[in-house]
Amino acid sequence: SVPQSGHEWAVTPCQDHTVATWGLAQCNRARLAVPLDDPALVPFLAAIEGVDAEAEAAPGYRWRQHFLGPLTRPKIFPDDLLVTLSVWATFDDLKRFVCGRHLEVYRQRASWFVPPDGPRHVLWWVPAGDRPDPLDAIERLDRVGTSAASPEAFTFATPISNPSLDD
């Protein structure tokens with residue numbers, strides 16, 4: 001079944017476990033291969049709840065927000081575009097999470113999503129407590145596909161250090 005508006009696809013804050021001056025923001029996007037109510041998406045919708053629960057329990061998790069057309073208000077992206085923003089304490093925290101159950105679900109992406117016409121994810125550092133703006137995040141995602149890695153837009157393959165480590 002399709003999640004109801006204001007439930008799984010809403011903002012999900014988490015208790016801050018450490019004092020930090022920076023957080024690692026990430027944005028990923030995927031375009032659905034079938035309409036949201038297609039039975040082919042049932043396994044994805046079922047899996048995402050477990051992945052989200054694992055994220056919320058993971059060390060370094062700070063915040064997440066999903067955007068999925070008809071399930072998100074206000075609607076800012078097309079109905080077939082899934083966008084997820086999250087913030088983590090460190091690059092290593094996010095990488096550990098991504099390499100867990102998330103990776104198992106990610107490997108099945110061809111069953112649910114069309115091949116991307118650009119980068120799937122982007123990372124950047126934000127001051128602790130800041131929440132990424134979704135439209136800014138998409139601009140960064142587009143930038144990472146056309147420019148060299150920078151503190152404003154980088155990937156797992158081209159990481160940039162936490163700015164507090166540069167002091």
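**Figure 1. Arginine 29 is a buried partner in a salt bridge.** At a relative accessibility of 18%, arginine 29 falls under the 20% limit, so this residue counts as buried. The model shown here is predicted. Arginine 29 forms a salt bridge with aspartate 142. Their closest N and O atoms are 3.1 Å apart. The two residues come from distant parts of the chain, 113 residues apart. Arginine 29 belongs to strand E2, while aspartate 142 sits in helix H4, residues 134–144. Is aspartate 142 buried or partly exposed? With 39% relative accessibility, aspartate 142 counts as partly exposed. Side chains of opposite charge can pair when their charged atoms come close.

**Figure 2. Glutamate 56 meets arginine 64.** These two residues form a salt bridge. The closest N and O atoms lie 2.7 Å apart. Arginine 64 is buried, at a relative accessible area of 4%. Glutamate 56 is partly exposed, at 32%. Which residues make up the salt-bridge network here? The network links Asp52, Glu56 and Arg64. Arginine 64 also stands opposite serine 86 in strand E4.

**Figure 3. Strand E3 is largely enclosed.** Eight of the eight residues of E3 are buried, so the rest of the structure largely encloses this strand. E3 covers residues 61–68 and E4 covers residues 81–88. How do E3 and E4 run, parallel or antiparallel? The two strands run antiparallel, and seven bridges join them. In a regular strand the side chains alternate between the two faces of the sheet.

**Figure 4. The largest nonpolar core holds 26 residues.** Which members touch the most others? They are Leu24, Leu36, Leu41, Phe44, Trp88 and Phe113. Several elements give two or more residues to this core, including strand E2 (22–31), helix H2 (91–98) and strand E5 (121–127). Helix H1 (42–57) is also one of them. H1 gives the most, with six residues. In soluble globular proteins, nonpolar side chains tend to be buried together.

Figure 5. Neighbours within four places in sequence are left aside here. Beyond them, leucine 24 is in contact with a run of residues from Ser86 through Val87, Trp88, Ala89 and Thr90 to Phe91. Leu94 is another contact of leucine 24.

Figure 6. Cysteine 27 is buried, with a relative accessible area of 0%. Cysteine 99 has 51% relative accessibility; the limit for exposed is over 50%, so cysteine 99 counts as exposed. How many disulfides does the structure hold? The count is zero.

**Figure 7. Lysine 75 pairs with aspartate 79.** The two residues form a salt bridge, with their closest N and O atoms 2.7 Å apart. Lysine 75 is partly exposed, at 46% relative accessible area. Aspartate 79 is partly exposed as well, at 39%. The structure's count of salt bridges comes to seven.

**Figure 8. The whole chain puts the close-ups in place.** The protein chain has four helices and five strands. Along the sequence they follow the pattern β-β-α-β-β-α-α-β-α. Of its 167 residues, 41% count as buried. The accessible surface comes to about 8,800 Å². Carbon and sulfur atoms account for 55% of that surface.

Technical notes. Residues numbered from 1 in each chain as written. Predicted model: local features only at pLDDT ≥ 70, side-chain atom pairs only at ≥ 80, totals over all residues. Heavy atoms only, no water. Core = buried A, V, L, I, M, F, W, Y, C linked by side-chain atoms within 4.5 Å. Buried < 20%, exposed > 50% of the residue type's maximum accessible area, 1.4 Å probe, protein only. Contact = heavy atoms within 4.5 Å. Pairing = 2+ DSSP bridges. Disulfide = S-S within 2.5 Å. Salt bridge = Lys/Arg side-chain N within 4 Å of Asp/Glu carboxyl O. Areas by Shrake-Rupley, 256 points an atom, 1.4 Å probe, with all protein chains shown as cover.
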